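Please look at the sequence and the model below before reading on.

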Amino acid sequence: MSACKRLLYFVKHRSLWTHVRRNVTTWSPVGAAFNAKPVRRPDLFEKSVGLFGVPELSCPAGFQAATKAALKNTELLVQRACSCPSGVETVESFDQLSDGLCKVADLADFVKVAHPDPAFREAAEKTCIEIGTVVEKLNTNVELCKSLKNLLGNPDIVAQLDPDTRRVAELFMFDFEISGIHLDDKLRKEAVALHVNLLDLNNEFLVSSHMPNRIARSAIPEHLHLHFANEGSFIQVGGLHADSPDDLVREIAYRIYLYPNADLMGCLEELLKCRYKLAKLVGYESYGHRALKGTMAKTPAKDFKMMRDMKKKLNPRNSFMFCLVRYNIEPSLYSPYLSLGACMEGLNNLFSQLYGVSLMSEHPSAGEVWSEDVRKLAVVHETEGLLGYIYCDFFHRSDKPHQDCHFTIRGGRWCQETGQYQLPVVVLMLSLPHPTKSAPTLLTPGMMENLFHEMGHAMHSMLGRTRYQHVTGTRCATDFAEVPSILMEYFATDYRVISQFARHYETGQPLPESMVARLCESKKVCGAADTQLQIFYAVLDQIYHSKPQNRSTTEILKEMQQKFYGLPYTPNTAWQLRFSHLIGYGAKYYSYLMSRAVASMVWRQCFVQDPLNRDMGERYRREMLAHGGAKEPMLMVEGMLQRRPTIEDFVDALVSELNPNFETFIMDSES
């Protein structure tokens, strides 16, 4: 057909083509909101409501005003907590105190890493440090602690407290104890100074661990320059490029990005020394012992037993696993079925069927969001009404961390002073490609799984209805906090769930079941290697936070890699300098494995027969999601499973799901 005839044919049949196209790609409102570019119609007369609707935060200077107001309110609440009669009111005062500081500090913690305006980031960082310093001083405030001790030391008063109030009172006391409240004046001041120093070191390491390394352009073959960012006569390497099909690109990225940085090495070693010194000062054997108190593992010894047992059980299959680990499931074959809108539709359907919850797209007000491509979702229950808000910062942006994260901006709590529930607000941050003129944002299977994972955190925040902000949503033991997000990964790879939403963005054709089966098998093939890698990370984290080793962090890494991982250490690299989880998960990185074991048990026992069962969804919410940190984590697990799991159960749960059907997988791959 000539070009002219093709044009006439297109014009003649344009209305029919458009009609058919619209029929096969009709999205729900939430799907449409994420598959279309946002349309912003600026109103010159519309006044900025400030970030997240906080009026002061219409400009960077507003952080100073918000901080000042929070600290003034803190003084009043400290006086109230110290003077009110011992009882529920004491705990409520403590929680209001925590809430007032967290509402500013948590928001600032997000803005300092995600806002595109450096002035906002700088102002937010100052707020984090200022409020962090105040918190450390409050944690060693003798009068404040005394009011709580008077409460917990009176058996008659304690007997009258409801379980949640008692638990929150005990958690606040725990914060005092690990901060050194029992020390004399001189040592308490030393503990505060160590805490403040750690705030600076944590921030320095966190920021520097994400900074790119650079190398002279002449040192890299010219045909590979296009894979990296250019900076004059240098090439910038800002990541490992692990998804690149080019072996040389991956090797260059690995060697350059992980090349040792002397300043950052010094920062990490000083940080670990400071953590150990603080732990010893407040009475713990190591920072690991201090960090694990109150978790499911309880002690580093229990954590290490799980790691060693898993290492033994994984060893027999290592050689075979590494033969197959490079098997590639081509993401481009899956992406057309996984548009962002389709995936959001799938999440909406899943939550509706499990919990009676809907995601509803809302148009943010002027100044409410930090970038025009941020979407706002209202989370609405069919009978309970509005549960909270999720801000979706999903798209790649320069100066935005390439890390998928969940941020609590405001925790939920019952406000005694207003008689209303304070609705939780969270942010989900991903780094997805922008939609194009011809296609919406298309996700790889890995991106889709990460989206489900982070949404698991968000729904933990939304579905909890805790009385106290101190234990809302993900504010629970670290090794329990990852359970809801990891459980969502199982839903993300179950065909009964995927078939409800995965369809080609152009043709409307569903994703074939055979492709989902292959994807699941490939995950099992890589699973043992990935689990072994996670064991190595967890052990390294524990060794770093045990007694001082009197050797460099790189020497420790080299030895642990040889013992716990199947691949050798690469000379002149320092992977630990990119291990940013050392900040938020210091001595608790094992949490991912512990949480995965629990999630595996919950999936196999409660959802594998019917992943869309409403009764089981309600039980899951009632037993695990609703409590936040207001209940002992192992009691929540026991309530869901109707039994108390052992360390052996955790190990078996992780290892048993790594048994792929190799014969079926290889035959399918060949076909």
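This is a predicted model: local features need pLDDT of at least 70, side-chain atom pairs count only at pLDDT 80 or more; totals for chains, interfaces and linings use all residues.

Residues are numbered from 1 along each chain as its sequence is written, and side-chain values use heavy atoms, with hydrogens and water left out.

The quantity called pLDDT is the predictor's confidence in each residue, on a scale from 0 to 100. Its mean over the protein is 88, and 89% of the residues reach 70 or more. Over residues 1-24 the pLDDT is below 50, and this stretch has 8 contacts in the model beyond near neighbours in sequence, where a contact means heavy atoms within 4.5 Å. Residues 316-327 also have a pLDDT below 50, and their contacts beyond near neighbours in sequence number 27.

We turn next to the strands. Helices (H or I, at least four residues) and strands (E, at least two) are DSSP runs, numbered from the N terminus, and two strands pair if DSSP finds at least two bridges between them. Strand β4 (residues 357-362) is antiparallel to β5, with 6 bridges between the two, and within this pairing S358 has V380 of β5 as its bridge partner. On to β6: 7 bridges join β5 to β6, again in the antiparallel sense, with A378 bridged to Y389 of β6, and a hairpin of 3 residues connects β5 to β6. Strand β5 (residues 375-381) is mostly covered, since 6 of its 7 residues are buried; here buried means under 20% relative accessible area, exposed means over 50%, and partly exposed lies in between (1.4 Å probe, protein chains only).

Why can strand β7 (residues 405-410) be called largely enclosed by the rest of the structure? The reason is that 5 of the 6 residues of β7 are buried. Strand β7 runs antiparallel to strand β10 (residues 425-432), to which 5 bridges join it, and T408 has V426 of β10 as its bridge partner.

Now consider the spaces inside the protein. On a 1 Å grid over the protein atoms alone, a cavity is a set of points where a 1.4 Å probe fits but cannot get out, whereas a pocket is an open set with protein on both sides within 12 Å along at least five of seven lines, and lining residues have an atom within 4 Å of a point. Grid points are joined across faces, edges and corners, and a volume is the space filled by probe spheres set on the points. By class, the lining of the largest cavity has 10 nonpolar residues, 2 polar and no charged, where Ala, Val, Leu, Ile, Met, Phe, Trp, Tyr, Cys and Pro count as nonpolar, Asp, Glu, Lys and Arg as charged, and the others, Gly among them, as polar.

The second largest cavity has a volume of about 50 Å³. Among the residues that line it are E92, D95, R413 and R467, and α4 gives the most to this lining, with 3 residues. In this second cavity the lining divides into 2 nonpolar, 2 polar and 5 charged residues.

For the second largest pocket, the volume is about 460 Å³. This pocket is lined by 21 residues, of which V54, E56, K103, V104 and L107 lie nearest its centre. The elements giving two or more residues to its lining are α3 (62-83), α4, β6 (385-395) and β7, and α3 gives the most, with 5 residues.

Finally, some single residues deserve a look. N572 has a positive phi of about 60° although it is not a glycine, and N572 counts as exposed at 55% relative accessibility. A587, in the loop between α23 and α24 (591-607), also has a positive phi, near 70°, but A587 is buried, with a relative accessible area of 0%. R496 belongs to helix α20 (residues 495-498) and counts as partly exposed at 35% relative accessibility. Although R496 and D610 are 114 residues apart in sequence, their C-alpha atoms are 8.6 Å apart in space.
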